[in-house]
Amino acid sequence: QLSMAQPSAEQVPSPAEQEWAGPEALCPGWLEDEAPNGDVPGDSGDPDDATHAFERLQSALCQEGLPPTLDCSTEPRTGFGPLDVTVCILGSPTAFLPVLLEGGTRCPGAMVLCLSPTWASRVPSESCPGAWSLLLSQGVSFMVGGHSVLETFVPPRRANYVTGTFVPWEPEGSWVSELARDLDCPMGGSALLTHRLEDLLITRWVLAARANLPVPPTLAFVLGARGDLPAKLEVPGVRLVRLQDPQGQDSLVQEE
């Protein structure tokens with residue numbers, strides 16, 4: 001269970017002080033850059049991915065001088081309906097922290113961070129046949145002033161907008177992509193889009209050939225045939241050289 005460790009008895013602040021105190025008041029030592037053993041503060045080595053991600057979030061909040069997340073998961077939030085705004089961020093607690101903080105300021109409680117696939121579920125969409133709705137049973141909600149709360153939602157809260165960590169090499173990349181597949185709500189990206197945009201050659205080809213935008217002079221060497229590229233890449237500023245075998249083609253590379 002995710003919960004913040006409590007200080008000693010003589011240092012326990014009042015509930016109001018807990019809510020608005022800085023990280024050093026709730027958890028002494030959070031402002032230290034490094035623990036005595038060299039570990040990052042909050043990294044306990046717990047194999048549970050959700051716990052580890054939660055600890056990463058606490059470390060990121062600490063570095064920004066913000067209070068730790070309050071654990072209110074034992075008191076479920078109720079009353080959310082289909083018209084309530086829920087912007088769901090799947091995965092990395094650090095990559096989207098600026099977005100979460102700004103969203104918490106502009107629309108308190110609407111930004112919800114999902115740190116584990118066990119915190120969400122997919123159900124068939126009632127409005128879009130063949131699509132899915134994403135329901136959140138747990139999440140970290142962001143409020144004004146950088147405050148955050150770990151909450152449970154009964155019944156589960158429906159996401160109206162979804163984005164997240166779609167890069168495949170991130171630890172959460174696989175489950176984020178699976179949860180976000182074929183959803184019935186607007187999305188800020190996808191695994192396929194991320195894969196394509198991170199390929200520099202494809203990005204420049206799309207910008208130059210499809211959008212008529214100038215790109216930096218580009219010389220690209222690729223091995224064999226690539227199905228995601230046209231057979232003849234005739235794009236201003238982009239030259240594609242296909243190599244059948246990287247061995248023994250030094251002269252061709254030098255000539256190009």
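Reply: Two residues are in contact when heavy atoms of theirs lie within 4.5 Å. This is a predicted model, in which local features need a pLDDT of at least 70 and side-chain atom pairs count only at pLDDT 80 or more, whereas totals for chains, interfaces and linings use all residues. Residues are numbered from 1 along each chain as its sequence is written, and side-chain values use heavy atoms, with hydrogens and water left out.

Setting aside neighbours within four places in sequence, L90 is in contact with C114, L134, V162, T163, G164, T165, W175, V176, L179 and A180. L90 is also, together with L134, V140 and F142, among the residues that touch the most other members of the largest nonpolar core, which has 38 residues. Such a core is a set of Ala, Val, Leu, Ile, Met, Phe, Trp, Tyr and Cys residues that are buried and joined through side-chain atoms within 4.5 Å. Buried means under 20% relative accessible area, exposed means over 50%, and partly exposed lies in between (1.4 Å probe, protein chains only). In soluble globular proteins, nonpolar side chains tend to be buried together.

Which elements build the core? At least two residues each come from helix 3 (49-63), strand 2 (87-90), helix 4 (97-106), strand 3 (111-114), strand 5 (132-142), strand 6 (148-158) and helix 5 (173-179). Helix 3 gives the most, with six residues. These elements are DSSP runs numbered from the N terminus: helices are H or I with at least four residues, and strands are E with at least two. In total the chain has eight helices and nine strands. A second, separate core holds 12 residues, including V222, L229, L233 and L240.

Next comes T86, in the loop between strand 1 (70-71) and strand 2. T86 counts as buried because its relative accessibility is 0%. Beyond the residues up to four places away in sequence, T86 touches A110, V112, L136, R157, R158, A159, N160 and Y161.

The cysteines deserve a separate look. A disulfide is a covalent bond between the sulfur atoms of two cysteines; here a pair counts when the sulfur atoms lie within 2.5 Å. By this rule there are zero disulfides. The sulfur of C88 has its closest cysteine sulfur in C114, but the distance is 5.3 Å, so the two are too far apart for a bond. C185 is in no disulfide either, since its nearest cysteine sulfur, that of C88, is 8.3 Å away. C88 is buried at 0% relative accessibility, and C185 is buried at 10%.

Charged side chains also link parts of the chain. A salt bridge places a side-chain nitrogen of Lys or Arg within 4 Å of a carboxyl oxygen of Asp or Glu, and the whole structure has six of them. R77 pairs with E151, with their closest N and O atoms 2.5 Å apart. This pair links distant parts of the chain, as R77 is in the loop between strand 1 and strand 2 and E151 is in strand 6, 74 residues apart. R77 is partly exposed at 32% relative accessibility, whereas E151 is buried at 5%.

D184 and R158 meet in another salt bridge (3.2 Å, N to O). D184 lies in the loop between helix 5 and helix 6 (191-197) and R158 lies in strand 6, so this bridge ties together parts 26 residues apart in sequence. D184 is buried at 15% relative accessibility, while R158 is partly exposed at 28%. A further bridge joins R181 and E178 (2.5 Å, N to O), and bridges with shared partners join E178, R181 and D182 into one network.

V253 lies in helix 8 (residues 250-255) and is partly exposed, with a relative accessible area of 36%.

Finally, the whole chain may be considered. Buried residues make up 43% of its 256 residues. Of the contacts between residues at least 6 apart in sequence, 58% join residues at least 24 apart. The accessible surface comes to about 14,400 Å², of which 56% belongs to carbon and sulfur atoms; accessible areas come from the Shrake-Rupley method with a 1.4 Å probe, and for residues only the protein chains shown count as cover.
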